[in-house]
Amino acid sequence: MEPVATVADSDQDKSPSFPNRSGVEGSGFRWRSRGSNRSLQDAARELQRRGGPPGRTLHVAERERRRELLLTGPGLEERVRAAGGQLPPRLFTLPLLHYLEVSGCGSLRAPGAGLAQGLPQLHSLVLRRNALGPGLSPELGPLPALRVLDLSGNALEALPPGQGLGPAEPPGLPQLQSLNLSGNRLRELPADLARCAPRLQSLNLTGNCLDSFPAELFRPGALPLLSELAAADNCLRELSRDIAHLASLKTLDLSNNQLSEIPAELADCPKLKEINFRGNKLRDKRLEKMVGGCQTRSILEYLRVGGRGGGKGKGRAGGSEKEENRKKRRERRQRRDGGEGDEQEVGDAARLLLRVLHVSENPAPLTVRVSPEVRDVRPYIVGAVVRGMDLQPGNALKRFLASQTKLHEDLCEKRTAATLATHDLRAVKGPLLYGARPPQDLKIIPLGRREAKAKDLVQQLQLEAEEQRKQKKRQSVSGLHRYLHLLDGKESYPCLVDANGDVISFPPITNSEKTKIKKTTSDLFLEVTSATSLQICKDVMDALVLKMAEMNKYTLENKEEGSLSDTEADAAPGQLSHPNATPGAGKDGLSQLVVEQVRVVDLEGSLKVVYPSKADLATTPAHVTVVR
């Protein structure tokens with residue numbers, strides 16, 4: 001992919017010219033000048049036709065006094081390596097920049113000196129999926145206007161003074177509102193984080209190696225505006241009672257850690273609306289069951305009235321003691337009668353089973369053949385079949401679709417890193433062919449739309465996205481633009497075609513109405529595609545499968561009333577369920593899904609990838625058991 005500069009309107013239409021100095025090489029860019037009628041694609045084609053020299057992207061941004069810049073691609077890699085693993089100094093000569101994104105550069109190890117001095121008006125800095133680490137040298141700040149900082153998906157291990165986010169006195173990031181440090185290797189947080197960024201509202205620490213929070217983070221008045229704290233998938237062993245001092249906290253996600261207790265003081269957070277402690281082995285087994293299925297309000301009430309969430313209970317402590325005595329008597333009775341006790345019962349109820357069905361065990365395995373023409377378009381694809389989902393009760397289908405949206409926003413990085421698609425397996429006829437077609441030859445029935453050629457569909461979506469941007473009066477690129485541009489300049493578009501010749505997927509844009517998921521769907525075909533790497537496909541697939549397992553367990557344990565429409569009830573008549581399907585619970589009453597391996601091969605039949613292999617689904621929460 002060519003380096004791309006995305007720039008928004010500046011306050012002035014004209015600016016003094018600058019000499020053409022060395023910068024990030026690239027022949028493609030997207031722009032919109034005030035008063036210009038040229039489309040983004042026309043501008044890119046014009047620059048490609050003129051054969052812009054190295055550094056042209058930055059030269060245009062500098063000359064046109066642009067405020068937004070997005071850089072990625074092999075040309076960027078070359079310039080970063082030439083700068084010793086740092087951002088090219090030419091970047092720091094754009095003092096009007098409000099938004100800078102440099103992503104997917106495996107050679108970028110440090111931002112480089114001059115960023116703070118050269119970009120004083122920077123509002124958003126996105127440096128995700130690079131190789132930053134183990135620290136930041138020199139430190140990032142001070143950046144007095146910065147509001148959004150995204151350092152996710154790097155190799156950061158520590159952020160000590162002088163190699164961190166910025167000074168604490170005076171605050172290096174006084175206006176910072178959102179900080180994303182997820183997907184790094186952090187073992188500890190800087191003690192002065194709250195002083196460096198006192199106006200922080202959202203802090204994402206998911207997927208690191210943290211075993212504790214610094215005490216300074218929860219001191220009274222340290223972070224008065226913090227409303228979102230996410231630290232799932234770490235090694236946290238304790239949560240301080242002082243978390244009650246986060247007066248604005250609304251969302252707390254500490255799932256899949258090593259917590260044994262939840263402090264009762266958590267119930268004192270006045271605005272707390274959503275918590276997630278799933279995947280922690282809590283001493284209070286009743287509380288452990290509650291965090292796996294109950295609403296936040298019920299959990300906080302349990303802590304508030306004296307549940308053994310952690311430390312000394314509050315409120316009706318006597319009631320908690322009576323419950324504890326009853327539990328001990330019940331355990332003694334069960335042991336006397338040969339039972340295994342309450343803990344075993346709770347442990348079984350909390351287990352999620354994923355049974356992997358090997359290709360050799362499957363009488364009719366699904367296969368995806370890959371054509372060579374996708375190599376230059378979107379080369380990576382991973383597939384899987386999941387059987388046993390229960391989407392019929394209540395809002396189960398709505399929750400499932402919402403989980404896909406969240407994965408697209410987070411792990412898939414608004415579809416720029418990867419795109420996932422889910423299909424009703426009953427409507428999928430294999431073997432499948434993953435190939436590429438010219439836009440005018442690719443036809444699909446998009447979700448919720450009539451059949452259209454890919455060329456016409458993309459143009460329509462671009463118009464809708466531009467109209468949305470105007471209505472919301474934003475200078476930044478909207479969500480639709482963020483993934484539509486991935487097809488800019490492509491002579492062919494990727495598509496997944498079934499044995500009937502129907503296009504069932506057009507990544508990263510849409511699925512087909514033909515294979516749309518319905519309430520009656522229990523067996524699904526999953527696909528993840530990427531232009532970036534095969535590993536990101538596997539990471540996204542792991543996350544999707546685990547999320548499906550948790551949702552199935554939740555649906556099983558929380559019976560909801562729901563009715564099927566006539567259309568859904570009559571869907572796919574006469575088709576028999578697969579003999580290995582395990583809808584809902586397994587024979588032993590445990591929540592169970594079957595994941596069937598899907599092989600991806602070339603046109604000669606040589607294996608390219610199989611999912612899930614032994615290396616996949618290897619890192620799972622303690623409450624998930626994978627049976628291979």
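How many bridges pair S14 with strand S17 (residues 493-497), and in which sense, parallel or antiparallel? The two strands pair over five bridges in the antiparallel sense; here, strands pair if DSSP finds at least two bridges between them. Helices (H or I, at least four residues) and strands (E, at least two) are DSSP runs numbered from the N terminus.

Before going further, a word on the source: this is a predicted model, in which local features need pLDDT of at least 70 and side-chain atom pairs count only at pLDDT 80 or more, while totals for chains, interfaces and linings use all residues. Residues are numbered from 1 along each chain as its sequence is written, and side-chain values use heavy atoms, with hydrogens and water left out.

S14 has another partner too: strand S11 (residues 367-370) runs parallel to strand S14 (residues 432-437), joined by three bridges. The table puts one bridge from each pairing side by side.

| Strand pair | Sense and bridges | Bridge partners |
|---|---|---|
| S11 and S14 | parallel, three bridges | Arg 369 and Leu 433 |
| S14 and S17 | antiparallel, five bridges | Tyr 434 and Leu 496 |

Now to helix H10 (residues 396-409). Its 14 residues reach 20 Å from first C-alpha to last, close to the expected 20 Å at 1.5 Å a residue; the expected span is 1.5 Å times one less than the number of residues. Buried residues (under 20% relative accessible area; exposed is over 50%, partly exposed in between, with a 1.4 Å probe and protein chains only) in H10 are Ala 396, Leu 397, Phe 400, Ser 403, Gln 404, Leu 407 and His 408. Seen down the axis of H10, they fall within an arc of 140 degrees, so they line one face of the helix; the arc is that of the directions from the helix axis to the C-beta atoms. The buried residues of H10 pack against strand S13 (419-424), strand S20 (523-530) and helix H13 (534-557), with contact meaning heavy atoms within 4.5 Å. On the face turned away sit the exposed Lys 398 and Lys 406.

What about the nonpolar cores, sets of buried Ala, Val, Leu, Ile, Met, Phe, Trp, Tyr and Cys residues joined through side-chain atoms within 4.5 Å? The largest has 74 residues, and Leu 165 and Phe 213 are among those with the most contacts inside it. H7 gives the largest share of this core, four residues. Apart from it lies another core of 33 residues, including Leu 391 and Met 541.

Finally, His 98 lies in the loop between helix H3 (74-82) and strand S2 (99-102). His 98 counts as buried because its relative accessibility is 16%.
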